[in-house]
Amino acid sequence: MQFRTDAKNGNELSALGFGCMRFPSTAGRIDIDASERLIVEAVERGINYLDTAYLYSGNEAALGEIFARNPGLRDKVHIATKLPMARCEAATDFDKYLERSLERLSADHIDYYLVHNVTSAAAWSQLSSLGFEEWVKEQKEVRRILNVGFSYHGPKADFPLLLDSFDWDFCQIQYNYMNEEYQAGTAGLMAAAQRGLPVIVMEPLLGGKLAGELPTAARSILSDAGIGDDPARLALRWVWNHPEVTVVLSGMNTQEQLLQNIETADEAFPGSFDSAEAMAVEKARENIAKSYRVPCTGCGYCLPCPKGVNIPMCFAAYNTSFAHGWYQGMHQYITASGAMVGNARFASDCVGCGACLGKCPQHIDIPNELASVKKRLQVPGLPTLVRLGVGMMSR
């Protein structure tokens, strides 16, 4: 495993971090046995940075159970988890959420604690006004928190303001070859590095869009350039090529993904990305930008929808209809509706209530984009036909 140094405290962190948000699951519940096998093997192979969050349903508790099953495992890793900033209304909430995270994780301290999903300098100022800075100083003194940082999903202009607003130990940004000018972007990466801050990267594959969901034409571009048929490897190597990046998080939920990513991390050193690869990425970037109309990463923060609409799946189907053809997108849309389980909900079921607005880290105008999904994929009478079809099958 390649390691990169945390410039703030000298910790040697694995270049590949395990993003726990997408643990293996069955019927909507985390498969603890499968997750345990992945985590144990990941640590055995050198991964020492595990990223979770208070808001990831069942996630911290699953990780805590894995630690309980494997004595000594906790001491081999750095745990990163996150304070749900949007839920903090009073200073007492800081202790409440930290205590709950520690309890779930069966831990007495958090190695890397983040303010979750900071969307603007104003949002940080509001949290700060509740006394967060004084509180976190106290937690560090008693070593319940060792390092404090923030995950960012706001405008580019606000990012340097955040960096200078507090004596942060690290930061986390979304970064990949499609997002050089999005949110913190390359400018933000450089700004953090100039201040001596370790940078943790999330969404290096843009929620799978730069891997298995890569448009057919973009795959052809990479193949014609002799890059091969592994776009995920290329996308990860692109991020690791930046010396300013400390850890790249990947939400691995199969052993195959784990082993492939570890192999890639072993050889993806700064400066190892050659000119042919760089040129192929530029061409692929142009093609992908035309295909993916909604920048949804499938994180699910917008859910649950009061009307039961599977928002991320609707957007995935919509994007697929441009990237891989209308019929494939349509098939995915019907599957996304829940038609196969007899409780179909379509983009047309959105009533524009706005419950999802403000939750999306990508700042997508969800009701408006669902209207676009309806226009492209919802042929007249589709909900009735699907519901009648399910009714017939159940007889």
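User: How many disulfides does the count come to?

Analyst: A disulfide is a pair of cysteine sulfur atoms within 2.5 Å, and by this rule the count comes to zero. The model is predicted: local features need pLDDT of at least 70, side-chain atom pairs count only at pLDDT 80 or more, and totals for chains, interfaces and linings use all residues. Residues are numbered from 1 along each chain as its sequence is written, and side-chain values use heavy atoms, leaving out hydrogens and water.

User: Why is C356 too far for a bond with the closest cysteine sulfur?

Analyst: The closest cysteine sulfur, in C353, lies 6.3 Å from that of C356, whereas the rule requires sulfur atoms within 2.5 Å. The distance is therefore too far for a bond.

User: Why does C356 count as buried, and what makes C20 buried?

Analyst: Buried means under 20% relative accessible area, exposed over 50%, and partly exposed in between, using a 1.4 Å probe and protein chains only. C356 has 10% relative accessibility and so counts as buried. C20, with a relative accessible area of 0%, is likewise buried.

User: Why are α3 and α5 called oblique to each other?

Analyst: Helix α3 (residues 92–105) and helix α5 (residues 132–141) pack at an angle of about 40°. Angles under 35 degrees count as roughly parallel, over 145 as roughly antiparallel, 65 to 115 as roughly perpendicular and the rest as oblique; the two helices are therefore oblique. The contact (heavy atoms within 4.5 Å) is made by F94, D95 and L98 of α3 with F132, W135 and Q139 of α5.

Methods
Axes fitted to C-alpha atoms, helices over the stretch in contact; angles between N-to-C directions. Helix = DSSP H or I, 4+ residues; strand = E, 2+ residues; numbered from the N terminus.
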